[in-house]
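Open the model in your viewer and keep the selection tool at hand. The tour below goes stop by stop, with something to select at each one.

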Amino acid sequence: MPETRGKLTEHRVLSDLTWLRVGGPADWLFQPADVEDLAAFLRDLPPEVPVFPMGVGSNLIVRDGGLRAVVIRMGRGFNYIEIEGDRVRAGAAALDAHVARKAAAAGLDLTFLRTIPGAIGGAVRMNAGCYGIYTADHFVEATAVTRAGEVVTLTAGDLNFRYRQTDLPEGWVIVEAVFAPPRGEAGALEARMAEQLARRDATQPSRERTAGSTFRNPAGFSSTGRADDVHDLKAWKVIDDAGMRGARIGGAQMSEKHSNFLINTGGATAQDLEALGEEVRKRVFQNSGIELHWEIMRVGEPAP
Ligand SMILES: Cc1cc2nc3c(=O)[nH]c(=O)nc-3n(C[C@H](O)[C@H](O)[C@H](O)COP(=O)(O)OP(=O)(O)OC[C@H]3O[C@@H](n4cnc5c(N)ncnc54)[C@H](O)[C@@H]3O)c2cc1C
């Protein structure tokens, strides 16, 4: 491994770094000191070694066998939030909720980030969104370190934002993003965020170990096949219709409160969670012919 001013740990179990509290060891966990440290490390790391950037693990199932890669996790040195006139500049490790609150206090509306539990790097990579607003909507640019260790600026065009997806090349690490949000009155923005939090708590298992929505909402043509006959189904509804609300495998359960949330009730393995998700996909397909697609990312290897 290259020399670094950051922290490098071999065989680091990842379960405590993910919201679902599952995941085997990474070959290496690297916590860079700053951008220069990260760039030098990636430049000197042999190109065949896989690199996996990780935020706060709120959209991940890391499998029980872990990741044959260097996992990069940013902490201090990457969690700043700066208000620059009408713009917000945030380090990749800044939590979405903190960015939303600091922006609101300055009269800038990034309220959609308030209830998303990830960090800014993950928000850009996933084009995180809520209440019809996406990261792409107020995005100006991001700074990333390429797998070869170059520091580059990425525009929205480079990232090609789509639903929960971008074209960020594998092994590239986002270190900072700049947003240009609309203006709003600080008090009104605070009130909106409080209302959004309350709405979340009322409808989602926000105090459980989850990774957000398990599957995308299926959209497509209804059985008539007519171009104007498009259904707009909710994943929770087709899961309910297939009788899978509350279903369990081992310590994994589809939430009773919101059936598109997969929960670690305590002691679940990644295998339990993934197997339950696959069982739900199978039952939904048998019941309605609809194919659900995972929204949670599943990475790494199964237990040997
Ligand atoms: C209770 C709950 C509610 C949720 N609600 C929402 C919601 O309303 N809307 C929504 O969009 N999502 C939601 N999510 C999912 C999740 O919070 C988002 O996808 C979030 O953006 C992921 O950020 P993260 O930092 O946790 O990334 P991680 O889960 O750690 O990683 C996700 C992906 O991003 C990549 N990544 C992370 N950081 C970087 C980086 N710095 N550079 C390059 N790639 C990186 C990882 O490699 C991985 O591919 C929810 C999750 C939970 C647990």
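Start by selecting Arg63 and Glu274, which form a salt bridge in this predicted model. Their closest N and O atoms are 2.8 Å apart. Side chains of opposite charge can pair when their charged atoms come close.

Next, colour the protein by domain. The domain assignment gives domain 1 as residues 7-73, domain 2 as residues 81-201 and domain 3 as residues 205-299. How many salt bridges are counted between domain 1 and domain 3? The count is one. Polar contacts between domain 1 and domain 3 come to nine residue pairs.

Stay with these two domains and show the residues where they meet. Domain 1 contributes 13 residues to the contact, and domain 3 contributes 18. On the side of domain 1, eight of the residues are nonpolar, two are polar and three are charged. Select residues 60-62 to see strand β4, which supplies the largest share of that side, with three residues.

The size of an interface is often given as the accessible area lost when the parts come together. For domain 1 and domain 3, the buried area is about 1500 Å², and carbon and sulfur atoms give 59% of it. Which residues of domain 1 lose the most area to domain 3? Select Leu20, Ile61 and Arg63: together they account for 44% of what the side of domain 1 buries. Now zoom out: the centres of the two domains, taken over C-alpha atoms, are separated by 28 Å.

A backbone N or O atom of Gly57 is 2.9 Å from an oxygen atom of the ligand. At Ala119, a backbone N or O atom lies 3.0 Å from a ligand oxygen. At Ile174, a polar backbone atom is 2.9 Å from a nitrogen atom of the ligand.

For the last stop, select residues 186-203, which make up helix α5. Here Glu195 forms a salt bridge with Arg199, with the closest N and O atoms 3.3 Å apart. Why are these two separated by about one helical turn? They are four residues apart in helix α5, so about one turn lies between them.

Technical notes. Residues numbered from 1 in each chain as written. Predicted model: local features only at pLDDT ≥ 70, side-chain atom pairs only at ≥ 80, totals over all residues. Heavy atoms only, no water. Domains from an automatic or database assignment. Contact = heavy atoms within 4.5 Å. Buried area = accessible area lost by both parts, 1.4 Å probe. Salt bridge = Lys/Arg side-chain N within 4 Å of Asp/Glu carboxyl O. Polar contact = N/O pair within 3.5 Å; in protein donor to acceptor, adjacent residues only side chain to side chain. Nonpolar A, V, L, I, M, F, W, Y, C, P; charged D, E, K, R; others polar.
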